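Here is a short report on charged side-chain pairs and backbone angles. The sequence and structure come first.

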Amino acid sequence: MEQTFRDNRIFVGGIWQAGRGAPITSHFAAEGCVNTVINGASAQDVDLAIARARDAQPSWGALKPHDRATVLYRISERIAANIERIAWVQSRDTSKTLTETRALAASAAATFRYFAAVAETSDDLLTVPRGDYITASVHEPLGLVAAITPWNSPIASDAQKIAPALAAGNAVLLKPASWSPLVCLELALIAEEAGLPKGLLSVLPGSGREVGNLLVEHRDIAKVSFTGGTATGRRLAHAAAEKLMPVSLELGGKSPTIVFEDCDIDLAIAGILFGIFSSSGQSCIAGSRLFVQRSIFDTFTERLVAATQALVVGHPFDAATQVSSLVHLDHRESVERYVAMARDEGGNILCGGAQPKDTAQKDGAYYLPTIIGGLDNSARTCREEIFGPVLVVMPFEDEADVIAQGNDNDYGLACGIWSTDHRRCQRVARAIRAGTVWINTYKQFSISTPFGGDGDSGMGREKGRAGLRAYQRQKSIYEDMSGQPHPWARWP
Ligand code: NAP
């Protein structure tokens, strides 16, 4: 069926209405055209969404967890039933391949199902009393949660915040990235159709500096859950500190992938290609720093370059495409600036380093998968997140050397290790500073396994059973069982 875009209304406290803020243009960067323009949220819209959330949250928070779970299960089912629609909208909004956006939509459905199950199976705690009383630790919703998300995998990163926050009894105000405002409005429609009470979810597109900032600074917002760049995350953490408000930060990365001489080379090359070039490298966990043991460095690099040159760069709706257009022409310019910098730093472009020559791609934001050699780990190209299809490859001598080089970076998000020596894999996995380590695989995810970063890659964890607790506060309750006046009072 021919797909079209919906009208340009936004979802303010459960009601579809024209935003009163600045217009936001959604681009289809693969074809260099405009998808649609929607009306962003204004300060008035933010206030209205917050007022509606304040009204709706107490009765939602008071529901039994299994009753909240029922609604979340329905949202999960409706996402699963609408995967094609969601995938199409997200591919048009981000230029990601349909193969990938279908997988992201399926992952969003799984996230709602998982947190529904977590909500109805999480226990409060009777703690061991040290006197004649009952002691309990119970969990309560925080109230109103602001979720601020990036453009690179919107439906999945939105679900990772909305599902646990709603499951925990909160209302959520979502501010999507300005480059990808559309798919979360689809999610809002699905939540509405699934019977989520009005007011519990708002989707407020608008610029980060305006709408994002208003949410972060609003006194009724009890927590901000943020995924995005490190500089923005740092700014939000400062603002959160002023309010003494909890904030969780999922930030950028410059993740090392380590190839030991005893690895299975075919497996390693396939995993490395997927780790850096899938999603056109626009992935926080992209394995963008590759360390190869010196004894196999030349032969391995040669094979890797040949395999990279064979990747299919193409239109996101073509099933054969492995590397699609970048999200926006401005973002391609940023990637190009980094590659120019790598040249200035003395790097050798081993492949890519340019826009494709195919005339069918001339209007899109395409960039060839690029491998750069000849740089030291201290070069800016090796230290900063490029967020595009660009890999730097460097040699190392031994385990100690690669652990030192791998950890010599401000980020600490992920790491890949390729070796057939399992003891060594485990040793290196423990020694590397990273929130996630993949051994003989890369970029695999499970909603039941916690995810997050250290250092400049953020703080806090999403996913896993504890992911629900990140949206709750703990309360301790003591109840006297003795029926006696307190002895301190020396009651007659
Ligand atoms: P970004 O520029 O930091 O933006 C992220 C979100 O923050 C957007 O919605 C943005 O709105 C908003 N924002 C910007 N300034 C703000 C402010 N002052 N107050 C409140 N909100 C503000 O990041 P991005 O370019 O969209 O995304 C790419 C980054 O996300 C990369 O660094 C990537 O590594 C990271 N990321 C991390 C993870 C993870 O789980 N660790 C996952 C995915 C992506 P506007 O769009 O309107 O500017």
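## Salt bridges and positive phi

Glu100 forms a salt bridge with Lys96, with 2.7 Å between the closest N and O atoms. A salt bridge here is a side-chain nitrogen of Lys or Arg within 4 Å of a carboxyl oxygen of Asp or Glu. Both Glu100 and Lys96 are buried. Buried means under 20% relative accessible area, exposed over 50%, and partly exposed in between (1.4 Å probe, protein chains only).

The model is predicted: local features need pLDDT of at least 70, side-chain atom pairs count only at pLDDT 80 or more, and totals for chains, interfaces and linings use all residues. Residues are numbered from 1 along each chain as its sequence is written, and side-chain values use heavy atoms, with hydrogens and water left out.

How many salt bridges does the structure hold? The number is 20. Side chains of opposite charge can pair when their charged atoms come close.

| Salt bridge | Closest N and O atoms |
|---|---|
| Glu100 and Lys96 | 2.7 Å |
| Glu186 and Arg6 | 2.9 Å |
| Asp7 and Arg9 | 2.9 Å |

Take the pair of Glu186 and Arg6, with closest N and O atoms 2.9 Å apart. Helices (H or I, at least four residues) and strands (E, at least two) are DSSP runs, numbered from the N terminus. Glu186 is buried, at 6% relative accessible area. Arg6 is partly exposed, at 43%. The pair also belongs to a network of salt bridges that links Arg6, Arg85 and Glu186.

Asp7 pairs with Arg9. Asp7 is partly exposed, with a relative accessible area of 45%. Arg9 is partly exposed as well, at 36%.

Now the backbone. Which phi does Ser280 have? The value is about 50°, which is positive although Ser280 is not a glycine. Ser280 sits in the loop between α9 (265–277) and β13 (289–293). Is Ser280 buried or exposed? Ser280 counts as buried, because its relative accessibility is 3%.

Lys463 is another residue other than glycine with a positive phi, near 70°. Its place is in the loop between β21 (458–459) and α15 (466–469). Lys463 is buried, with a relative accessible area of 8%.
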